[in-house]
Amino acid sequence: MNWRCRQRAFSLVETLVAVLVLAVGLLGLAGLQVTGLKSNHGSYLRSQATALAYDLIERMRANRAAVANGDYDNPAPSRSDACLSPPGCSPSALARHDLYEWAANLAELLPQGEGVVCIDSSPDDGTGSASPACDGVGEHYVVKIWWNDRLTPHEPQDSERMAFHVSFQP
């Protein structure tokens with residue numbers, strides 16, 4: 001009789017150990033899921049930054065007169081309703097309007113997204129639109145985009161600030 005009581009207790013211990021092993025495995029799986037979500041979100045934001053940079057590059061290639069005048073070299077963007085109507089607007093106004101729309105898209109699609117376009121001999125520097133480190137030297141334009149790579153607004157503010165820079169000659 002004593003042997004049967006021990007046998008029942010032993011199977012209860014086995015069940016508890018199995019549940020513990022299963023719980024540890026599920027916690028590990030949840031950690032992998034979170035890591036995968038962060039990686040996918042980061043890839044999505046980098047894809048958005050790339051598409052936005054090339055959108056501006058194509059706008060500049062379509063407006064060569066403004067590029068020749070230097071109107072895309074780090075100007076202040078402004079909205080121009082004249083550029084939305086069929087008669088059009090001047091190349092300079094179109095450049096400012098392109099940059100206005102581009103900045104609005106950056107702010108909408110990237111968390112704390114900001115960017116500049118300028119002539120720069122060292123494209124991989126700068127920390128934001130307040131200090132883009134554009135030196136105005138050379139013939140190559142650089143599109144510089146920065147955003148915050150936080151997955152949720154609850155992550156700390158000092159989480160990694162991402163950057164995308166592309167250099168081109170229109």
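Modeller: Leu26 is placed in helix H1, which covers residues 2-62. Helices (H or I, at least four residues) and strands (E, at least two) are DSSP runs numbered from the N terminus. The model is a predicted one, in which local features need pLDDT of at least 70 and side-chain atom pairs count only at pLDDT 80 or more, while totals for chains, interfaces and linings use all residues. Residues are numbered from 1 along each chain as its sequence is written, and side-chain values use heavy atoms, with hydrogens and water left out.

With a relative accessible area of 49%, Leu26 is partly exposed; the classes are buried under 20%, exposed over 50% and partly exposed in between, with a 1.4 Å probe and protein chains only. Together with Leu22, Leu29 and Leu32, Leu26 forms a nonpolar surface patch of about 430 Å² of accessible area. Such areas come from the Shrake-Rupley method with a 1.4 Å probe, and for residues only the protein chains shown count as cover. Patches take residues with over 30% relative accessible area and no salt bridge, joining like charges within 9 Å and nonpolar side chains (Val, Leu, Ile, Met, Phe, Trp, Tyr) within 5 Å.

Arg59 also belongs to helix H1, and its partners lie in helix H3. Asp98 forms a salt bridge with Arg59, their closest N and O atoms being 3.2 Å apart. Because Asp98 lies in H3 (residues 91-109) and Arg59 in H1, this pair ties together parts that are 39 residues apart in sequence. Arg59 also meets Glu101 in a salt bridge, at 2.8 Å from N to O. That pair links distant parts of the chain, H1 and H3, across 42 residues. A salt bridge here is a side-chain nitrogen of Lys or Arg within 4 Å of a carboxyl oxygen of Asp or Glu. Asp98 is buried at 6% relative accessibility, whereas Glu101 is partly exposed at 26%. Asp55, Arg59, Asp98 and Glu101 are linked in a network of salt bridges.

In H3, the buried residues include Ala93, His97, Asp98, Trp102 and Leu106.

Glu114 and Arg161 meet in a salt bridge of 2.7 Å, N to O. Glu114 lies in strand S1 (residues 114-119) and Arg161 in strand S3 (residues 161-168), so the pair ties together parts 47 residues apart in sequence. Glu114 is partly exposed at 24%, and Arg161 is partly exposed at 34%.

The largest nonpolar core has 25 residues, of which Val143 and Ile145 touch the most other members. H1, helix H2 (64-69), H3, S1, S2 and S3 each supply at least two residues of this core, and H1 gives the most, with seven. A nonpolar core is a set of buried Ala, Val, Leu, Ile, Met, Phe, Trp, Tyr and Cys residues joined through side-chain atoms within 4.5 Å.
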